[in-house]
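Subject: Handover of a structure

Dear colleague,

Please find below the structure that I am handing over to you.

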Amino acid sequence: MSIKLGDIAPDFNAESTIGNLNFYDFLGNSWGILFSHPADYTPVCTTELGFTAKLKSEFEQRNTKTIALSVDGVEDHQNWIKDINETQNTEVEFPIIADKDRKISELYDFIHPNASATATVRSLLIIDPDKKVRLIITYPTSTGRNFNEIIRVLDSLQLVDSHKIATPVNWKNGEDVIIPPAVSTEEAKKIFPKGVREIKPYLRYTPQPNT
């Protein structure tokens, strides 16, 4: 199965480090980040999971739950978490899914046979409260993900959902945003009282509305 942007993320039941869970029930009305790992006890994954745990308060501020997946079993996950906590100086509290039969990995297209027939690639999905897939990003197994970028995209998606804007290249929370072409300049001046800066008729900026 190939999942694309705008698709509804498939629901599933799974064993995890916090017990059996249903994906939709776990997410509730929150945003979700589902990310896969090639295997337990791997160095790059250890750093990724540790950094994700350190971002707990950042994700909570954004009403976002994280959930990881690896093709090993729960017992390995639990023992691996001890190593992660020790080496990364953190506490992993989010669930890690056990996917020994690779059913969820195949459901979410986390197995890329030309890269590895058995290990999952480093795929990450951002899923909104309506269970719609809003971001898909896939790294090779050898390259750790940039979670500062994940936070940046999450901020952008949530801002776009609440205001008629888009975010420009390298945008960071608090910086000026772009007014989409579908919004006329006349309408924009009413919607954005902080002002409209026009570079070209199709390229217009306004200060971030919620700051």
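How many bridges join strand β3 to strand β4? There are seven, linking residues 31-37 of β3 to residues 64-70 of β4, and the two strands run parallel. Within this pairing, Leu-34 has Ile-67 of β4 as its bridge partner. Please note that the model is predicted.

The chain as a whole

The chain contains seven helices and 10 strands. Its C-alpha trace extends over about 60 × 35 × 30 Å along the principal axes. Of the 211 residues in the chain, 46% are buried. Among contacts with a separation of 6 or more, 65% are between residues 24 or more positions apart.

According to the domain assignment, domain 1 covers 7-145 and domain 2 covers 163-207. A distance of 35 Å separates the C-alpha centres of domain 1 and domain 2.

The five-stranded sheet

Strands β3 and β4 belong to an open sheet of five strands, in which the order is β5-β4-β3-β6-β7 and the pairing is mixed. The edges are formed by β5 (96-98) and β7 (133-139); each has a single partner strand, so one side of each is left without a neighbour in the sheet. On average, neighbouring strands of this sheet are turned by 20° against each other, direction ignored.

Helix α4, which comprises residues 74-88, lies across β4 and β5. Relative to β5, helix α4 runs at about 150°.

The contact of α2 with α4

Helix α4 also packs with helix α2 (residues 43-54). How are two packed helices described? The description uses the angle between their axes and the distance between the axes. For α2 and α4, the angle is about 70° and the axes are 9 Å apart. Helix α2 is therefore roughly perpendicular to α4, because angles of 65 to 115 degrees count as such.

Which residues of the two helices meet? On the α2 side they are Cys-45, Thr-46, Thr-47, Leu-49, Gly-50 and Lys-54. Their counterparts in α4 are Trp-80, Ile-84, Thr-87 and Gln-88. By class, the residues of this contact of α2 with α4 comprise four nonpolar, five polar and one charged.

With kind regards

Definitions and conventions: Residues numbered from 1 in each chain as written. Predicted model: local features only at pLDDT ≥ 70, side-chain atom pairs only at ≥ 80, totals over all residues. Heavy atoms only, no water. Pairing = 2+ DSSP bridges. Helix = DSSP H or I, 4+ residues; strand = E, 2+ residues; numbered from the N terminus. Axes fitted to C-alpha atoms, helices over the stretch in contact; angles between N-to-C directions. Contact = heavy atoms within 4.5 Å. Domains from an automatic or database assignment. Parallel < 35°, antiparallel > 145°, perpendicular 65-115°, else oblique. Nonpolar A, V, L, I, M, F, W, Y, C, P; charged D, E, K, R; others polar. Buried < 20%, exposed > 50% of the residue type's maximum accessible area, 1.4 Å probe, protein only.
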